[in-house]
Amino acid sequence: MDHVDGILKQWNRERPDLDVAPMGLIGRISRIYGHLMREMSETFAKHGLNRASFDVLATLRRSGPPYALSPGDLLAATMVTSGTMTNRIDQLEKAGLVARAHNPEDRRSMRISLTQKGREVIDAAVTDHVATQARLTAMLSEEERKALDEMLGRYLSRIEGEG
């Protein structure tokens, strides 16, 4: 039995008229998410980052050379508000991890790019992040991991209206 089983047992006793099975699934996903985020946040912190700054730097890094995107492209990739993105970019720029420059193709717009320091930080952070993720999923067999990944992928596609 896990923690969620105890909660379900209590609800089944107190409200046997309700089907609380979905509560179990969502409760487990929520609890797993909390555990994963704590572990990953510790990894980010070792590199002077938080989840938000990691997200921006990782988005720039995985975009490929020249590791630069418009603020709008960053917004689309990270799905935050423009005010939130501006704040993130300001903080990363102060830390010397990104630079703002006019877009050479359209001087009215800006491009956000990784600095050399930013690339070094994100490369080290993502290496540790992947190791953390491997550790967090190591208790699953390869078969279990693939099956869970496929099920969650289908579920997410349906929730997001893509499947």
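Which helices do the buried residues of α2 pack against? They pack against α1 (3-14), α3 (51-62) and α6, where contact means heavy atoms within 4.5 Å. This is a predicted model, in which local features need pLDDT of at least 70 and side-chain atom pairs count only at pLDDT 80 or more, while totals for chains, interfaces and linings use all residues. Residues are numbered from 1 along each chain as its sequence is written, and side-chain values use heavy atoms, with hydrogens and water left out.

**The annotated domain**

- UniProt, in an unreviewed entry, places the feature "domain: HTH marR-type" at residues 19-157; UniProt positions are given in the numbering used here, feature names are shortened, and annotations may be inferred rather than shown by experiment.
- Residues 19-157 are 69% helix and 12% strand, and the end C-alpha atoms of the span lie 24 Å apart.
- Helices (H or I, at least four residues) and strands (E, at least two) are DSSP runs, numbered from the N terminus.

**Helix α2 and its neighbours**

- Helix α2 covers residues 21-45, and its 25 residues reach 36 Å from the first C-alpha to the last.
- That reach is close to the 36 Å expected at 1.5 Å a residue, the expected span being 1.5 Å times one less than the number of residues.
- The buried residues of α2 are Gly24, Gly34, Met37, Met40, Thr43 and Phe44; buried means under 20% relative accessible area, exposed over 50%, and partly exposed in between (1.4 Å probe, protein chains only).

**The aromatic pair**

- A search of the whole structure turns up 1 aromatic pair.
- The ring centres of Phe44 and Phe54 are 4.3 Å apart and the planes sit at 20 degrees, so the pair is stacked.
- The pair links distant parts of the chain, with Phe44 in helix α2 and Phe54 in helix α3, 10 residues apart.
- For reference, rings of Phe, Tyr and Trp (its six-membered ring) pair if their centres lie within 6.5 Å; planes under 30 degrees apart count as stacked, over 60 as edge-to-face and the rest as tilted.
- Phe44 and Phe54 are both buried.

**Salt bridges**

- Side chains of opposite charge can pair when their charged atoms come close.
- The count comes to 12 salt bridges, each being a side-chain nitrogen of Lys or Arg within 4 Å of a carboxyl oxygen of Asp or Glu.
- Arg15 forms a salt bridge with Asp17, with the closest N and O atoms 2.7 Å apart; Arg15 is partly exposed at 36% relative accessibility, whereas Asp17 is exposed at 54%.
- Asp123 and Arg119 meet in a salt bridge at 3.8 Å, N to O.
- Both Asp123 and Arg119 lie in helix α6 (residues 116-137), 4 residues apart, about one turn of the helix.
- Asp123 is partly exposed, with a relative accessible area of 27%, and Arg119 is also partly exposed, at 31%.
- A network of salt bridges links Asp2, Asp5 and Arg28.

**Helix α7**

- The 18 residues of α7 should span 26 Å at 1.5 Å a residue, and the end C-alpha atoms are 26 Å apart, which agrees.
- Within helix α7 (residues 142-159), Arg145 and Glu142 are 3 residues apart, about one turn of the helix.
- The side chains of Arg145 and Glu142 form a salt bridge at 3.0 Å, N to O.
- Arg145 is partly exposed at 31% relative accessibility, and Glu142 is partly exposed at 48%.
- Gly161 follows α7 and has a positive phi, near 75 degrees.
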